[in-house]
There are 4 protein chains.
Amino acid sequence: MQTDTGKKTRVAIVGASGYTGVELLRILKLHPAVEVTVVTSRQNSGTRVEELFPSLHGYSHLKFTAPDMDEICREADVVFTAVPHQTAMAVVPGFLEAGLKVIDLSADFRIREQAVYEKWYQEHSAPQLLNEAVYGLPEIYGEQVASARLLANPGCYPTSTILPLAPLLKAGAVKPENIIVDSKSGTSGAGRGASVATLFCEVNEGFKAYKVGDHRHTPEIEQELSAAAGTDIKINFTPHLVPMNRGILSTIYCKLSDSDATTANIHNILYEFYANAPFVRVLPEGTFPNVSSVRGSNYCDIGAKADRRTGTLILVSVIDNLVKGASGQAVQNMNIMCGLEETLSLEAGALFP
Amino acid sequence: MQTDTGKKTRVAIVGASGYTGVELLRILKLHPAVEVTVVTSRQNSGTRVEELFPSLHGYSHLKFTAPDMDEICREADVVFTAVPHQTAMAVVPGFLEAGLKVIDLSADFRIREQAVYEKWYQEHSAPQLLNEAVYGLPEIYGEQVASARLLANPGCYPTSTILPLAPLLKAGAVKPENIIVDSKSGTSGAGRGASVATLFCEVNEGFKAYKVGDHRHTPEIEQELSAAAGTDIKINFTPHLVPMNRGILSTIYCKLSDSDATTANIHNILYEFYANAPFVRVLPEGTFPNVSSVRGSNYCDIGAKADRRTGTLILVSVIDNLVKGASGQAVQNMNIMCGLEETLSLEAGALFP
Amino acid sequence: MQTDTGKKTRVAIVGASGYTGVELLRILKLHPAVEVTVVTSRQNSGTRVEELFPSLHGYSHLKFTAPDMDEICREADVVFTAVPHQTAMAVVPGFLEAGLKVIDLSADFRIREQAVYEKWYQEHSAPQLLNEAVYGLPEIYGEQVASARLLANPGCYPTSTILPLAPLLKAGAVKPENIIVDSKSGTSGAGRGASVATLFCEVNEGFKAYKVGDHRHTPEIEQELSAAAGTDIKINFTPHLVPMNRGILSTIYCKLSDSDATTANIHNILYEFYANAPFVRVLPEGTFPNVSSVRGSNYCDIGAKADRRTGTLILVSVIDNLVKGASGQAVQNMNIMCGLEETLSLEAGALFP
Amino acid sequence: MQTDTGKKTRVAIVGASGYTGVELLRILKLHPAVEVTVVTSRQNSGTRVEELFPSLHGYSHLKFTAPDMDEICREADVVFTAVPHQTAMAVVPGFLEAGLKVIDLSADFRIREQAVYEKWYQEHSAPQLLNEAVYGLPEIYGEQVASARLLANPGCYPTSTILPLAPLLKAGAVKPENIIVDSKSGTSGAGRGASVATLFCEVNEGFKAYKVGDHRHTPEIEQELSAAAGTDIKINFTPHLVPMNRGILSTIYCKLSDSDATTANIHNILYEFYANAPFVRVLPEGTFPNVSSVRGSNYCDIGAKADRRTGTLILVSVIDNLVKGASGQAVQNMNIMCGLEETLSLEAGALFP
């Protein structure tokens, strides 16, 4: 960002050799007010960014380095931590103390209740920060985001679930009981680690549910839906693996509060809620979204149908898991935290086909 | 099949140039008791089968012909009608009158109530046959199948839904209300007609729901679930299109009758019900199926989890939509109708990877 | 572009509902000096752009119209003709007479010799323009592009072939005889028309050569290689269809003029030739390109190896067929023709994964 | 196989948890004369076959064991070694001494010249067997296969290259110089080991050449083409990775000996050579093969075109790399070695779509 003196905001990316790291670099390449100064990767220390990721044309000057707290604090104003949970909580306090703004893409600061976090993950070593961390869904927490020092960037599945549901729960249009979230994700969500389960031949021409009744995004979704509804919510959440690179589609089933409610009623609530949200698009009645319409973009598209036969509201949302579900949303949050235009470097449309 | 005189059963396939037609030919190639004598295709009349479908090695002698009722009745003992609904009802009565056994892969004889059929499809021109037609899920209607003259081969989505649910509804283990069926299908389910919506570039790297709250397989599923439960059932059914050739995975959410029921209880009911079913495999507890494990085979794999947090039972089933969801099941039915071993020419395992 | 009076260049796209049309709209969305005023599509006249292509967020104001020469000439300064060959030659002369700059994405003005064009395509109705048209490879014809009124935007296969070969032929480093071009293209190259051959299930998990020894890009490649070599060149060109949306990789085999030449010698010629070309990247020795490194971007990446065992030079080049192979290159040409920065709206890196 | 006493041939598979191992199990499931008694996998010792590979329905009795020479020699008549090169040469001599027939799917016994093997691979510890080993292309070495004790099952790329070329070189129809083999393989050829390079997201929507001028199948191809031509042959061989599970397509460029030769002349030589080969199909003139036409089958389809413009013969061949390129060919060889019908358990057609 341009500070008073016209200098660019200096950005460090910790854990830059995973898919969310590459995606941050891709997005930030075009950012007019940002300069990426440090990219760390233990494994690839010393390698040029362009060598490891030939897709990143124009980063020939930048090399991965081993993470070094002093260097980062010296060279950066903002740090993105794109490391696994548990690793993040170990480094975030240091960055904050040094005065950096932190945008954490791990799960470590998303859950407000320490006990809930520790039940689904493991012990938390920096619980004092849980209260301060702002949950980075700008469409819902925009004001808090603007003044945040530590931002917990939401999970991909939660983003795709909370955006369509929260406004309806707030408005009391749907019942808080019996919400079912059936989500389908592209394979980049599984990360860039070598593993047999995500080999091309294991995923291609396949389709499966995984972590049935047991996925760690469940408490994150429940926390935010409960906040929206003002009451405790338990959901069924089932993720599935789709043979495609990017994209999440969530099909959500819930019960209408008013059995006479129409699709138009639901649309109106959503339209109004997102009237000024640059990245959420509520589709015309009778239209449902395709992940291919948001590929590579920061948009979330939402369709809805009130099924009068069964009294059920069906919501369908799509995002690109690496953009609105991770790195794009992180940049959107950074823009807001730095007082910049929310959409900077995120204006590109989707890549289709 | 071998008749008394040792002759093979002569088989005709009407509408043989679609994906279910090719699949019938692939499966029947190895059938020891069957000879395919007629394959019809208006569009490809005169073309050698092997020319249109080079995958069908070994059919060099066979040519597509324009459908000719007299020829078929003369040359075949059994006829598979693999034509669109409405076309099937126009030809099936003639075949029956001529004494052929008919296995209809369209929707025309699956719905027992004429009014229901006509609400979801269009006017029915042969309603007198609706009562006689046997719904061809051999795991449930095996005896009726054995003596059927007209067999209505089930839809792909219904097969994937009824197999896991029917035994549990029969046993009263799940409640008949609030059943949600979220299904995901490979693209071959959309058929082989030229259309922009199923072009490679439109489907690949995409994922969408379609016909939300409005798919014609809904009444077929409801009919069979209601029969199993002994009470009228309405479901939510949402199909999705997956960028893969073959396979359906259905994720089914329903409420446990006994909130203390365990996954093991559910498994036991399913194991027992399918103890002698050669093509249904109930997976060990904690295991969920992948469509890639049934690709090209006639198997249906089922996983289950009783989610105590929400009182919900989650069932996941997979089939190959062209095999157990269409042509394989049709051959299974034919085997039973002709007094042959149920598994003949269907013993092949899945093609993985 | 900003003219003296600060107004934007008004752009029309004729034939905007195919994949190259969508891609032009995607790229131009972010162009700071361009306004798209007319998009035509006979078939989709009256439809909003965003309705037909939900990926094109932010075009909600624009509707497809039936092509109307008068309207286009009134509303546009530059016109992209993204229609099939033979259709282009019918409309281009009218646009030129009305004073518009024309960038033609069809093949109609790429071949300089009328007889050659008519041998591979059909009769030419505007042969008087063949001499004037500039072949739009800016890396080779940059100066002519700058002053062009009618620009023939190159074919995708030719772009991927000429860029690696032309500098080497010019330098005399490879022999003009026995050049073999084995190209592999994603499926978007086949266009957006409904056809069985490009259905998802026909392409996915398949791979084939097509138009073996008979593809219409052959004379276009030969024309440009001959120009570079200063002698008549005949090549072998074999295209293949790859189950992916975008991308062309060409593997080129040719004979080294000097049998002692090393890979380094070849690299030096290429590095030097493309030293100032913003979109051509010659990879380090020992490195070969992947189409996934240019997906969605205007880059061409090139790798080379001098195989001393056989005296053969192997060149491997990749482009995104819809970007550098079509719409991106068209915008690059437009930028140059309008006196704008060559890279405007084309700076985005590749989308990976 | 049925021995005199009617007993089945007992088969062991060493290294059964890779893709060629699974494929052997899939194919042998239906073999009427074979019983699989031992399947070894160091990594998965103790795991049920059906648990690791749910696609292998019907193997519920079989468990992976750690490889144990004594057990294998006691329990098997024939052993398939599906282990990496260098591992194979360590175990094969022991099996032979114990009187087993050995079909080795590694590269260890394919190269006749020890020096050539050691140049491309590493030191050979059992060179005394190189002369005895029979190169298992039954279409060419059928008689030797029948009496082989140690069979070297060919590589996938070599199979796809030698089948179309060898008859033409034998007949003197093409020149031995300047042969170029441009091959494209599905990803299963890279094996089932965890690696970043073969992750779904790295391969999908990508396409690349690899080991340019440096692939280890080069000497194997050259050995067999030289044998066919009766003169020393050097080729250019470039493999490429295709985003699909199975299949190899090789496009081969060579010079016609007689510049007046027609495509028909070439076809006649191939037709005649393969007149009695059950798994090689020479396509009609003007027709070229697609890997999807052989998926899951043991066929090799070949197309040819004599390009008079350039005096070049273009051959296109396809196989399934896991079947005719590995496990299917291995079973074909086993059938012949055991005096069984060559086609046993290999009669299935291709799975399309």
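**Helix packing and a chain interface**

In this predicted model, start in chain C with helix α1 (residues 19–28) and helix α11 (residues 323–337), whose axes come within 9 Å and cross at roughly 45°. The crossing of α1(C) past α11(C) is right-handed.

Now look at the residues that meet. α1(C) brings T20(C), E23(C), L24(C), I27(C) and L28(C). α11(C) answers with V323(C), A326(C), S327(C), G328(C), A330(C) and V331(C). Seven of the residues in this contact are nonpolar, three are polar and one is charged. An α-helix has 3.6 residues a turn, so residues three or four places apart point the same way.

Next, the interface between chains. Chain C puts 37 residues in contact with 37 residues of chain D. On the chain C side, the elements giving two or more residues are β8 (179–185), α8 (200–203), β9 (208–209), β10 (235–241), β11 (248–255), β13 (300–307) and β14 (312–319). That side divides into 15 nonpolar, twelve polar and ten charged residues.

Finally, turn to chain A. Helix α9 (residues 217–229) has 13 residues. It reaches 18 Å from first C-alpha to last, close to the 18 Å expected at 1.5 Å a residue. Its buried residues are H217(A), T218(A), P219(A), E220(A), I221(A), E222(A), Q223(A), E224(A) and L225(A). These buried residues pack against α5 (114–120), β6 (134–135), α7 (156–170), β8 (179–185) and β10 (235–241) of chain A. Just after α9(A) comes G230(A), with a positive phi of about 75°.

Methods: Residues are numbered from 1 along each chain as its sequence is written. Chains are lettered from A and ligands numbered from 1 in the order in which they are written. This is a predicted model: local features need pLDDT of at least 70, side-chain atom pairs count only at pLDDT 80 or more; totals for chains, interfaces and linings use all residues. Helices (H or I, at least four residues) and strands (E, at least two) are DSSP runs, numbered from the N terminus. The expected span of a helix is 1.5 Å times one less than its number of residues. A residue is buried if 20 or more other C-beta atoms lie within 10 Å of its own, exposed if 12 or fewer, and partly exposed in between; C-beta atoms are placed from the backbone. Two residues are in contact if their C-beta atoms, placed from the backbone, lie within 7 Å. Ala, Val, Leu, Ile, Met, Phe, Trp, Tyr, Cys and Pro count as nonpolar, Asp, Glu, Lys and Arg as charged, and the others, Gly among them, as polar. Axes are lines fitted to C-alpha atoms, for helices over the stretch in contact, and angles run from 0 to 180 degrees between N-to-C directions. A crossing is left-handed if the near helix is turned anticlockwise from the far one by less than a right angle, and right-handed if clockwise.
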